[in-house]
Amino acid sequence: MIQLTAFSKSYTSRKNAPLAVRDFSMTCQTGEITGILGLNGAGKTTILKAICARHFATSGEVLVEGVNASENPEQVRNLTGFVAEEPNLPGEYTVEEYLNMVAELHGIKENNPLLIDQLSLEELLHKKIRTLSKGQRERVNFAQALIYNPKVLVLDEPASGLDPAQILKMRSLVKSLKADHTILLSTHLMQEVEALCDRVYIIHEGRLAASGTAEEIAAQFECKNLEEAFFKITSASDIVRE
Ligand SMILES: Nc1ncnc2c1ncn2[C@@H]1O[C@H](COP(=O)(O)OP(=O)(O)OP(=O)(O)O)[C@@H](O)[C@H]1O
């Protein structure tokens with residue numbers, strides 16, 4: 001489970017510095033896929049990185065499986081698998097060397113053959129990461145997050161760079177992990193939310209603008225569907241400002 005309470009984040013320590021995310025609260029349950037939906041720059045990655053203890057809240061609290069991310073960052077990093085939007089993968093390693101290294105860091109002896117198969121990585125294992133295409137790198141990025149079977153999965157725009165066949169594979173992999181994981185994904189793609197998410201949080205200009213199932217949000221904003229509600233929310237800034 002992931003719990004954010006009144007989470008705010010500024011990227012500078014200056015007094016009165018602008019907040020990238022302000023007073024954002026959210027709960028992601030185990031056994032559900034939760035989506036964060038927002039325009040470019042809305043604050044999605046800022047929230048995801050705080051959940052994975054890649055950076056810390058300026059104020060408010062982030063709990064992952066009950067562990068405070070600011071107080072126990074190492075423990076939180078072991079509990080979370082993070083598929084970053086722009087991963088910094090080591091180009092000089094082969095895929096196999098890199099995945100073995102990540103597995104070892106987390107105390108796992110061998111690569112998981114099922115995972116290698118699900119991500120179509122067999123043919124890539126002996127290639128250097130720097131020689132891979134963007135979509136191939138994205139699959140390695142997925143594998144490094146899943147290889148130590150973390151309880152919580154945080155996916156930043158997981159479909160970006162994947163071809164349609166790989167998107168379907170990624171979706172079925174994510175769905176297969178749902179029952180015993182807490183999964184949070186960020187996206188600006190409505191199809192991604194419809195295909196995968198049980199619950200959605202819409203963030204606009206750093207603030208929570210709506211949450212619920214797609215149907216609940218559509219009804220709340222008197223719209224036909226989530227897409228219409230999303231456009232209504234993101235084109236009317238006063239909805240989220242007090
Ligand atoms: N390292 C940083 N230093 C300063 N400001 C940052 C930094 N990272 C993000 N920001 C700012 O924080 C705000 C939220 O950015 P964030 O990356 O969280 O948005 P996002 O919703 O993930 O966007 P996108 O969909 O484009 O990836 C933006 O105004 C951005 O400019």
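Residues are termed buried when their relative accessible area is under 20%, exposed when it is over 50%, and partly exposed in between (1.4 Å probe, protein chains only). The model is predicted, so that local features need pLDDT of at least 70 and side-chain atom pairs count only at pLDDT 80 or more, whereas totals for chains, interfaces and linings use all residues. Numbering starts from 1 along each chain as its sequence is written, and side-chain values use heavy atoms, with hydrogens and water left out.

Because F24 belongs to strand 2 (residues 21-28) and Y201 to strand 9 (residues 199-204), the pair ties together parts 177 residues apart in sequence. Helices (H or I, at least four residues) and strands (E, at least two) are DSSP runs numbered from the N terminus. F24 is buried at 0% relative accessibility, and Y201 is likewise buried, at 9%.

In helix 3 (residues 95-105), the buried residues are V95, Y98, L99, V102 and A103. These residues cover an arc of only 135° around the axis and therefore lie on the same side of helix 3, the arc being that of the directions from the helix axis to the C-beta atoms. The face turned away from the buried side of helix 3 carries the exposed residues E104 and L105. Just after helix 3, G107 adopts a positive phi of about 75°.
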